[in-house]
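Thanks for asking me to look this one over.

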Amino acid sequence: MSISNSVPTCPFRHDDALEPDPFMTRMRAEAPVTRVRMPYGEGDCWLVTRDADVRTVTADRRFSRAALIGRDFPRITPAPIAQPESINLMDPPALNRVRSLILKAFTTRQVEKLRPWTQQATDGLLTRMARHGAPADLADHLAGRLPLMTICALMDIPEADRPQLRRCASAMMSMSAVDQTSAVEAKAELRAYFAELTAKRRRVPGDDLVSALATARIGGEILNEEELSVLAMLLLVTGHDTTTYNISNIVYTLLTHPVQLGQLRAHPEILPQAIEELLRHIPFRQGVGIPRVALEDIDFDGVTIRAGDTVHVSYLTANRDELVYDRADELDFGRKDPVPHMTFGYGSHHCLGSHLARMTLQVSIGTLLTRFPGLRLAVPARDVRWNTVSIWRYPLVLPVAW
């Protein structure tokens with residue numbers, strides 16, 4: 001970290017396995033609302049790290065996502081990931097309209113109907129891994145395959161198209177300046193693909209999520225062409241990326257926390273609450289996500305954020321806030337009255353695919369631990385290699401034995 005004009009500049013990149021970013025942890029304790037300089041974009045911005053303040057920024061309509069459109073706002077990637085037509089850059093009431101249409105099509109019932117398919121796919125992947133024999137790369141055999149298979153099955157995306165879509169999604173998430181051109185090109189390629197796919201599904205709908213979104217109606221309201229194509233693209237990218245990396249991160253965490261792993265093996269019925277605690281505990285991404293813009297002057301405990309200022313929040317630091325969680329840095333599957341975490345966001349931009357992610361994690365982690373009761377890391381934890389380019393934190397290879 002360097003200091004310029006008393007505003008800290010930090011790369012918002014911490015690659016020490018899954019340890020919390022020490023700069024952001026320190027800011028939560030010493031300056032929970034502070035000005036910082038991001039690696040990319042114009043000007044400084046605010047960084048908000050404490051749970052209560054993060055909830056305020058993400059739920060208060062005085063902070064706007066839509067006001068980002070047309071701005072070169074401070075960020076951690078060379079080019080913005082979100083697109084102007086994306087639900088991620090909408091505010092109520094426009095946001096409420098689109099979310100209502102999505103929720104009508106993308107229901108918990110629809111996800112639960114996919115659970116048997118996900119179970120069958122998981123069983124097949126783990127059988128393949130068993131045949132391969134130990135040691136095997138779990139990141140390849142399970143984490144890198146199942147979430148993409150699941151979201152593509154839900155969206156009825158042809159198997160032949162999936163590898164290229166996966167490459168494009170990965171390219172978009174780079175934090176390296178040298179990858180800016182490829183990231184922009186990947187986003188354009190994905191957008192063109194989903195513009196064509198959604199147009200076809202609107203003309204000839206099938207029994208899949210894209211068709212359900214294309215035909216969803218509330219009164220006279222439907223998603224327009226741009227909203228539909230960008231939404232389908234967003235669902236593909238976020239619908240497999242976070243779950244892919246969280247499978248690897250959760251398995252790594254369990255295999256390096258033998259006490260908690262033993263608890264889960266002895267009491268498999270606690271799996272759902274264990275998954276929630278793991279999601280709270282693991283800093284699964286780098287830095288921050290999409291910011292907001294203050295629409296008026298707002299005071300936070302004597303710190304004034306001015307109208308027009310850009311404000312970033314950290315869900316990761318909020319998830320480790322000692323003012324909210326007892327022994328916040330400990331992994332504890334037996335927390336009494338656990339406070340809901342913010343791994344899937346908060347407020348009007350809470351992740352619409354959280355029910356799919358939870359189902360996939362429950363099936364994959366539960367089946368893995370049952371199928372391989374002696375599962376362990378095949379190398380010392382210090383030898384596991386981690387991604388150092390993407391916004392996501394995850395092991396590039398996760399060698400396991402059993």
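1. Let's begin with a single side chain: is Arg-191 buried, partly exposed or exposed? Arg-191 is partly exposed, because its relative accessible area is 22% and buried would need a value under 20%. Do keep in mind that this is a predicted model.

2. Arg-191 has a charged partner. Glu-226 forms a salt bridge with Arg-191, with 3.9 Å between the closest N and O atoms. The pair links distant parts of the chain, as Glu-226 sits in helix H11 (residues 225-255) and Arg-191 in helix H9 (residues 180-203), 35 residues apart. Glu-226 has a relative accessible area of 44%, so this residue is partly exposed as well.

3. Around other charged residues, salt bridges that share partners tie Asp-326, Arg-327, Glu-330 and Asp-332 into one network. For the model as a whole, the count of salt bridges comes to 28.

4. Asp-140 and Arg-145 form a salt bridge whose closest N and O atoms are 3.1 Å apart. Asp-140 counts as partly exposed because its relative accessibility is 34%, and Arg-145, at 29%, counts as partly exposed too. The side chains of Arg-50 and Asp-53 also meet in a salt bridge, at 3.1 Å from N to O, but here both Arg-50 and Asp-53 are buried.

5. Which residues does Glu-277 touch, leaving aside those up to four places away in sequence? The answer is Glu-330, Leu-331, Asp-332, Phe-333 and Arg-335. Glu-330 and Asp-332 are also members of the salt-bridge network mentioned above. Glu-277 itself lies in helix H13 (residues 271-281), and its side chain makes a polar contact of 2.9 Å with that of Arg-280. With a relative accessible area of 6%, Glu-277 is buried, because that value is under 20%.

6. Now to the sheet. Five strands make up an open sheet with mixed pairing, in the order S3-S4-S10-S7-S5. Strands S3 (33-36) and S5 (63-64) stand at the edges with a single partner strand each, so one side of each has no neighbour in the sheet. For S5, two bridges join this strand to S7 (residues 292-294), and the two run antiparallel. Ser-64 stands opposite Val-293 in S7.

7. A helix packs on this sheet: H2 (residues 51-59) touches S3, S4 (45-48), S5, S7 and S10 (310-313). The direction of H2 makes about 125° with that of S10.

8. Which residues have the most contacts inside the largest nonpolar core? They are Met-155, Phe-194 and Leu-236, in a core of 103 residues. Helix H11 supplies the largest share of this core, with 15 residues. A second, separate core has 15 residues, including Val-57, Phe-63, Val-313 and Ala-318.

9. Not counting residues up to four places away in sequence, Phe-194 touches Met-155, Ile-157, Leu-165, Ser-229, Ala-232, Met-233 and Leu-236. Two of these neighbours, Met-155 and Leu-236, are named with Phe-194 among the residues with the most contacts inside the largest core.

Technical notes. Residues numbered from 1 in each chain as written. Predicted model: local features only at pLDDT ≥ 70, side-chain atom pairs only at ≥ 80, totals over all residues. Heavy atoms only, no water. Helix = DSSP H or I, 4+ residues; strand = E, 2+ residues; numbered from the N terminus. Buried < 20%, exposed > 50% of the residue type's maximum accessible area, 1.4 Å probe, protein only. Polar contact = N/O pair within 3.5 Å; in protein donor to acceptor, adjacent residues only side chain to side chain. Contact = heavy atoms within 4.5 Å. Pairing = 2+ DSSP bridges. Axes fitted to C-alpha atoms, helices over the stretch in contact; angles between N-to-C directions. Salt bridge = Lys/Arg side-chain N within 4 Å of Asp/Glu carboxyl O. Core = buried A, V, L, I, M, F, W, Y, C linked by side-chain atoms within 4.5 Å.
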